[in-house]
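Subject: Structure handover

Hello,

Here is the structure we discussed, with the sequence alongside. My notes on what was found in it follow below.

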Amino acid sequence: MKKLILTSLLFVTFSISAQDFYWTYYNFSVEPKNEAAVLQLVQDYFKEHKQDGVTVRFFENHFNDSGNNYTHSIGFSGTLDAMGNQYSGAQSDSWDLFLTRVNQLIKGSFSSFMGRGISTHGPATEGNDWPVQNYVYLHVKDPSAFLAAREKYFSSFKSDVRLTVLGSITSGRSPHGETHMVIQGYKDFKSAMAGMDALLTSDQVEARRKAWKEFNENDGGVSVIRSGTRILLGKW
């Protein structure tokens with residue numbers, strides 16, 4: 001495995017405007033002195049070279065545990081056709097040069113995985129990138145029960161202060177056995193730090209807690225593998 005698995009292509013996050021989308025992640029570490037240079041390289045390249053129908057995003061892994069301490073993620077998300085085209089595209093001199101320059105600045109690769117978006121809930125997302133995002137990796141014993149309970153929860157309680165996206169992990173799972181990933185997007189750190197209940201009225205808090213209790217009783221068995229917070233640095 002090279003410094004960065006960019007030779008396969010990069011990382012994808014959730015395209016929040018659609019339910020049916022696909023993504024891949026590549027997580028890696030960069031020395032602090034090289035962070036600005038890597039961001040600039042990524043920005044310059046993808047402003048000019050990008051597959052139609054694919055969104056590229058670049059994240060800093062801001063809060064994390066010691067076993068999940070890569071510094072950055074980069075990638076693509078889009079429809080199945082767009083992602084398929086992204087990975088079947090021919091290499092070019094500009095792509096090879098980009099890889100060479102970025103790999104010279106990468107300290108080391110950490111992990112990579114891919115999956116599919118299952119559902120998105122929250123306020124209208126057009127034009128809003130939700131720059132502060134909590135991510136949670138889950139092991140779900142009964143995916144069908146989990147999804148049914150989750151959809152019922154969101155039908156009972158609708159949030160206008162947080163975006164929540166659920167995806168299934170189809171390849172690249174760690175030995176911990178995560179099966180799903182949840183992204184909780186906020187407009188700023190204040191909102192993310194406050195948490196869900198702090199941003200709701202007392203009636204909304206009561207409704208959310210009631211719906212959450214029912215969800216926990218019918219989720220099919222769920223355990224948290226790990227969690228963290230990432231910051232959006234760029235989108236193309």
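In this predicted model, the axes of helix 1 (residues 35-48) and helix 3 (residues 93-103) come within 10 Å of each other and cross at roughly 170°. Because angles over 145 degrees count as roughly antiparallel, helix 1 is roughly antiparallel to helix 3. Helix 1 contributes L41, V42, Y45 and F46 to the contact, and helix 3 contributes S94, W95, F98, R101 and V102. Sorted by class, the residues where helix 1 meets helix 3 are 7 nonpolar, 1 polar and 1 charged.

Helix 3 also has a buried side. Its buried residues are W95, F98, L99, V102 and N103. Seen down the axis of helix 3, these residues fall within an arc of 120°, so they line one face of the helix. What do the buried residues of helix 3 pack against? They pack against helix 1 and strand 4.

Helix 2 (residues 80-88) can be described in a similar way. A82, M83 and Q86 are buried there. The arc they cover around the axis is only 95°, which puts them on the same side of helix 2. The buried residues of helix 2 pack against strand 1 (22-30), strand 2 and strand 3 (72-78). On the face turned away from the buried side, helix 2 carries the exposed residues L80, D81 and S88.

Strand 4 (residues 106-121) and strand 6 (residues 163-171) run antiparallel and are joined by 7 bridges. How many of the residues of strand 6 are buried? The count is 7 of its 9 residues, so strand 6 is mostly covered, with buried taken as under 20% relative accessible area.

The last item is helix 5 (residues 189-198). M193 is found in helix 5. Is M193 buried or exposed? Its relative accessibility is 64%, and the cut-off for exposed is over 50%, so M193 counts as exposed. M193 and V132 are 61 residues apart in sequence, and their C-alpha atoms are 10.0 Å apart in space.

That is the end of my notes.

Regards

Key: Residues are numbered from 1 along each chain as its sequence is written. This is a predicted model: local features need pLDDT of at least 70, side-chain atom pairs count only at pLDDT 80 or more; totals for chains, interfaces and linings use all residues. Side-chain values use heavy atoms; hydrogens and water are left out. Axes are lines fitted to C-alpha atoms, for helices over the stretch in contact, and angles run from 0 to 180 degrees between N-to-C directions. Helices (H or I, at least four residues) and strands (E, at least two) are DSSP runs, numbered from the N terminus. Angles under 35 degrees count as roughly parallel, over 145 as roughly antiparallel, 65 to 115 as roughly perpendicular and the rest as oblique. Contact means heavy atoms within 4.5 Å. Ala, Val, Leu, Ile, Met, Phe, Trp, Tyr, Cys and Pro count as nonpolar, Asp, Glu, Lys and Arg as charged, and the others, Gly among them, as polar. Two strands pair if DSSP finds at least two bridges between them. Buried means under 20% relative accessible area, exposed over 50%, partly exposed in between (1.4 Å probe, protein chains only). The arc is that of the directions from the helix axis to the C-beta atoms.
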